[in-house]
Amino acid sequence: MTALDEILARVRSYQETADLGLIERCYRFGEWAHRDQFRKSGEPYFTHPARVGALIAGLKLDATSICAGFLHDVVEDTNVTLAEIESEFGKEIATLVDGVTKLGKINFTSREDAQAESFRKMVVAMAKDIRVLMVKLCDRVDNMRTLEHMSPSAQERIARETLEIYAPLANRLGLHVIKNELEDTSFRYLEPDAYREIQAKLHKSLKERLRYIESTEKTIAARLAEQGFNAQVSGRAKHSYSIYRKMRDQECEFEQIHDLIAFRIIVETEADCYACLGAIHSRWTPVPGRFKDYIALPKPNMYQSLHTTAIGPGRQRIEVQIRTNSMHRVAEAGVAAHWKYKERHSGGIDPEAAKRFGWLRELADYQRNLKDPAEFLESVKIDLFPDEVYVFTPKGDVRVFPRGATPIDFAYAIHSEVGHHCSGARCNGQIVPIRHKLKSGDVVEIMTSATQEPSKDWVEACVTTRAKNRIRAFLRAEKRQKSINLGRELVESAMRSAGLSWAKLQKDSNRLDALLKAHEVGSLEELFLAIGYGKLGVEQVIETVQGSVGGKAAELKAGAIETLVRRVKRETDSGIKVSGIDNVLVRYSRCCNPLPGDAILGFITRGRGVTVHRRDCPRAFDADPARRIDVTWDSRAKVNRPVSIAVVTNNRPGILANISQTLSAQRVNISEANCRAESDGRAHNIFTFHCSDLDQLKNVMKSLGKINGVVSVSRV
C-alpha cells in the first residue's frame with residue numbers, strides 16, 4: 001500500500017463524505033511541483049509534504065487541511081504561485097497554504113526579524129482559521145524528526161524556536177502527543193549531554209520500571225474493581241524533557257525524582273472520577289499539595305482530569321490521572337477532538353470549543369499594535385508560558401493568567417478602563433499593591449481611582465501581552481496629546497508675539513488651508529503635533545502666516561479686547577515674570593517643583609519656552625549659563641503647585657492617621673502617598689499635595705515635626 005493509499009484509507013475511516021479525489025489531485029500536484037527537488041538527507045523533497053499530510057490525517061482533520069499539508073511548501077520552494085493554487089484547488093486551500101508559507105522572498109535586516117515576521121503572518125492567518133496552526137505544527141514535527149541532516153547552528157536555532165514557540169502552541173491546543181515529541185526532540189539538540197544522561201538512566205532501569213508499571217496497573221485495577229468501578233488503567237514513564245525540567249526546577253539529581261511514572265485511570269462518568277479519587281486516597285497516602293482538579297477548573301486548552309500524587313506500591317511516588325473517555329479524547333487530540341464535519345468539502349471546530357481559543361484572536365490584535373517583529377515574538381513567548389495561575393472574580397468566575405501575573409494583568413483582562421484606573425486590589429479580602437503576585441485560588445477585587453493613570457513602570461510590573469499593549473497604547477496617546485497641547489501653546493504664543501490673532505486665522509479657512517498645505521499636514525492637530533515633537537519650528541509657521549497675509553496684515557491683527565485679555569492672562573496664568581520678554585511660554589520643572597517664595601531662576605529650552613527651577617536645584621546648575629534668564633514670582637498671581645515631602649516615622653500603629661489629621665488641619669489634601677516599613681523599625685513615607693506658597697509648606701512641615709513618633713520631615 002502506497003503512502004497515498006494509507007492516507008485515503010485513514011480519511012475514509014473517520015469521514016465517509018470526504019472528497020478523496022481532491023486529496024489525490026493535491027498529492028499528485030505537490031509531487032509534480034517538487035519533482036526535481038531533494039532534501040538534505042538525499043530523499044525526494046515531496047516525502048516531507050506527504051508525511052505532513054499523513055500526520056494531519058492522523059489528527060482526523062478535514063480534506064482541506066490534508067491538501068494544504070501536501071502543498072504547504074509549493075509556493076515558497078517552487079515557481080507555482082498562490083493564484084495558481086487558488087485556480088486549481090479553490091480559495092480555501094490557497095488561504096491555508098498562504099498562512100503557512102514563510103515570507104522567504106522579502107529582504108529583512110536579520111534572520112530574527114524574518115523569523116518574527118513569518119510568525120506574525122502565521123498568527124494573523126491562524127486567528128482566522130485554526131487549521132493554519134494545525135498544518136504548521138505537523139510540518140514542524142516532521143522537520144524535527146529529520147533535524148540530524150541540518151548543520152549544528154541550524155539545529156540549535158530550529159530546536160530553540162520549536163521549544164519556545166511551537167511546543168507551547170501545541171500545548172495550548174491540547175495536542176499533548178505533539179507537544180511532548182517537540183519538547184523531547186528539541187531537548188535532544190539543545191542539551192545533548194543532559195539528554196543522553198537521562199536516556200541512559202531510563203534505559204538502565206527500563207526492565208525494572210516495566211515490571212513495576214505492570215504490577216501496579218494490576219493492583220490499581222483490582223482495587224477499583226473491588227469498589228465497583230469499570231475502569232481502564234495504564235501506566236507510562238514521563239518523557240525526557242519533563243524529567244529534565246523537574247530536575248532543573250527542583251535543583252536535584254535524576255535519582256531524587258520519585259514520581260517518574262504516571263498512571264492513567266479512565267472511568268465512565270465525572271462522578272466516578274471523584275469517587276475513584278477517594279478510593280485511591282483511601283488505599284495509598286496522598287502527597288500534600290500535589291492534588292489538582294482540572295475537571296472543575298479546566299485548562300485553557302479544554303484539558304480536564306484529576307491529578308494526584310500518592311505513595312504507591314513499594315513506597316514509590318506515583319502520579320495518577322483520572323478522567324472520563326470524552327476527557328481522554330480531548331487530552332489526546334486537543335482541539336482536533338472537537339472537529340465537526342458539516343459539508344462534503346470542509347469541516348470546522350465546534351463553536352463552543354472555539355470560544356476557548358480567544359487567545360489566538362488576541363495574538364492577532366497584539367501584532368497590529370507592535371511594529372517591532374522581535375518585540376512581538378517576545379510577547380508571544382510570554383503569553384505561551386506554560387505555568388498558569390487560576391484566580392477568581394468576586395462573582396466566582398475563573399480567570400487564567402501566566403505565573404507571575406499581578407492585579408494589573410487582572411484589571412486589564414476585565415476592561416481597559418479598569419486597568420487604566422487600577423490603584424490597588426483586594427486579594428482574599430486583604431488590600432495588596434498592584435505589583436502583588438497572584439496565586440491560584442486568590443479571589444481578586446480591583447480597586448480603582450479616577451485620578452490613577454498608567455506609568456512606564458507598569459509595563460515591567462505585568463506579564464500578559466494584553467496588559468502591556470494597553471499600557472503602551474495609553475502612554476503613546478498621552479504623549480501625543482501632550483505634544484499637541486504644547487504645539488498649540490507655542491503657536492498661540494508666537495502669534496501673540498507677532499501681534500497676530502490666532503482666533504482670526506482659524507476663522508479664515510483659505511489661509512488655514514494654505515498653512516496646512518505649505519507644511520504638508522492634513523489638519524491643525526497634525527501641525528501642532530509636528531511642532532510639539534520638534535519636527536517643525538514655530539518660527540516657520542509664523543513666517544508662512546505672515547507671507548500669506550502680505551499687504552493685508554491688518555486682517556489678522558489682534559483687536560483691543562483680545563490684547564486686553566492677553567495682558568490679564570499673562571499676569572495671572574503662570575505666576576512668573578520673565579525679564580525683558582512678553583508672551584512667553586512658562587513651565588515649572590518637575591525635578592524640584594518650585595513654590596512661590598522659593599528663590600528661582602529660569603533657562604530657555606528650545607521649543608518649550610522658559611523652564612523655572614529652584615536656585616538650589618542640581619539641574620539648574622547643570623544648565624548652560626548662556627541660556628539662563630532672570631525670573632521672579634508675580635505677587636498678584638494665585639499659584640497652586642504640587643510638592644512632595646519625605647516623612648520618616650517610627651513604625652507604630654496610628655502614626656499615619658495622626659499625619660493625615662495634621663495635614664487636614666492645615667487644609668492640605670494628599671494627592672499621592674507612598675509608604676513602606678523598613679526592618680530597622682522605621683517607616684519611610686512620601687506625601688504629595690498641592691501648596692500655594694513656601695510659607696504654607698513651612699507651616700505644614702513644622703506641624704508634622706511636632707507629632708509624637710515623627711523622626712524627620714524634609715522636602716523632596
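Visitor: Is aspartate 139 counted as buried or exposed, and why?

Guide: This is a predicted model, and burial is read from relative accessible area, with under 20% counting as buried. Aspartate 139 counts as buried because its relative accessibility is 5%. The residue belongs to helix α9, which covers residues 131-145.

Visitor: Which residues does aspartate 139 touch, leaving aside those up to four places away in sequence?

Guide: With that exclusion, aspartate 139 touches His48, Val52 and His72. With histidine 48 there is also a polar contact between the two side chains, at 2.8 Å.

Visitor: How should I read alanine 63, and is that residue buried or exposed?

Guide: The same cut-off applies, under 20% for a buried residue. Alanine 63 is buried because its relative accessible area is 2%. The residue is part of helix α4, residues 63-71. Not counting residues up to four places away in sequence, alanine 63 touches Gln15, Asp19 and Ile23.

Visitor: How many residues apart in sequence are alanine 63 and glycine 21, and what is the distance in space?

Guide: The two are separated by 42 residues in sequence, and their C-alpha atoms are 9.7 Å apart.

Visitor: What does a positive phi tell a reader about lysine 60?

Guide: The general idea is that most residues other than glycine have a negative phi. Lysine 60 is not a glycine, yet its phi is positive, at about 65 degrees. This lysine sits in the loop that lies between α3 (47-58) and α4. Lysine 60 is partly exposed, its relative accessible area being 41%.

Visitor: Where is asparagine 428 found?

Guide: Asparagine 428 is in the loop between β10 and β11. Asparagine 428 also has a positive phi, about 55 degrees, although it is not a glycine. With a relative accessibility of 46%, asparagine 428 counts as partly exposed.

Visitor: What is the strand order of the sheet that contains β10 and β11?

Guide: A sheet is read by its strand order and by the sense of its pairing. Here the order is β11-β10-β12, in an open sheet of 3 strands with antiparallel pairing. The edge strands, β11 (430-432) and β12 (444-448), each pair on one side only. From one strand to the next, the twist averages 30 degrees.

Visitor: Which helix packs on this sheet?

Guide: Helix α20, residues 407-414, packs there and touches β10, β11 and β12. The direction of α20 makes about 85 degrees with that of β12. Within the sheet, β10 (residues 422-427) and β12 pair in the antiparallel sense over 5 bridges. As an example of such a bridge, cysteine 422 has threonine 448 in β12 as its partner.

Visitor: What is the strand order in the open sheet of 5 strands?

Guide: That sheet has the order β1-β2-β5-β4-β3, and its pairing is mixed. Its edge strands are β1 (232-237) and β3 (292-293), each pairing on one side only. Strands β4 (residues 306-311) and β5 (residues 317-324) are antiparallel partners over 6 bridges, and threonine 308 has valine 320 in β5 as its bridge partner. Helix α15, residues 270-283, lies across β2 (261-267), β3, β4 and β5, at about 160 degrees to β5.

Visitor: How many residues does the largest nonpolar core have?

Guide: The largest nonpolar core has 94 residues, and those with the most contacts inside it are Leu71, Ile85 and Ile265. Not counting residues up to four places away in sequence, isoleucine 265 touches several residues, including Ile220, Leu224, Cys276, Ile280, Val320 and Ile322.

How values were computed: Residues numbered from 1 in each chain as written. Predicted model: local features only at pLDDT ≥ 70, side-chain atom pairs only at ≥ 80, totals over all residues. Heavy atoms only, no water. Core = buried A, V, L, I, M, F, W, Y, C linked by side-chain atoms within 4.5 Å. Buried < 20%, exposed > 50% of the residue type's maximum accessible area, 1.4 Å probe, protein only. Contact = heavy atoms within 4.5 Å. Pairing = 2+ DSSP bridges. Helix = DSSP H or I, 4+ residues; strand = E, 2+ residues; numbered from the N terminus. Axes fitted to C-alpha atoms, helices over the stretch in contact; angles between N-to-C directions. Polar contact = N/O pair within 3.5 Å; in protein donor to acceptor, adjacent residues only side chain to side chain.
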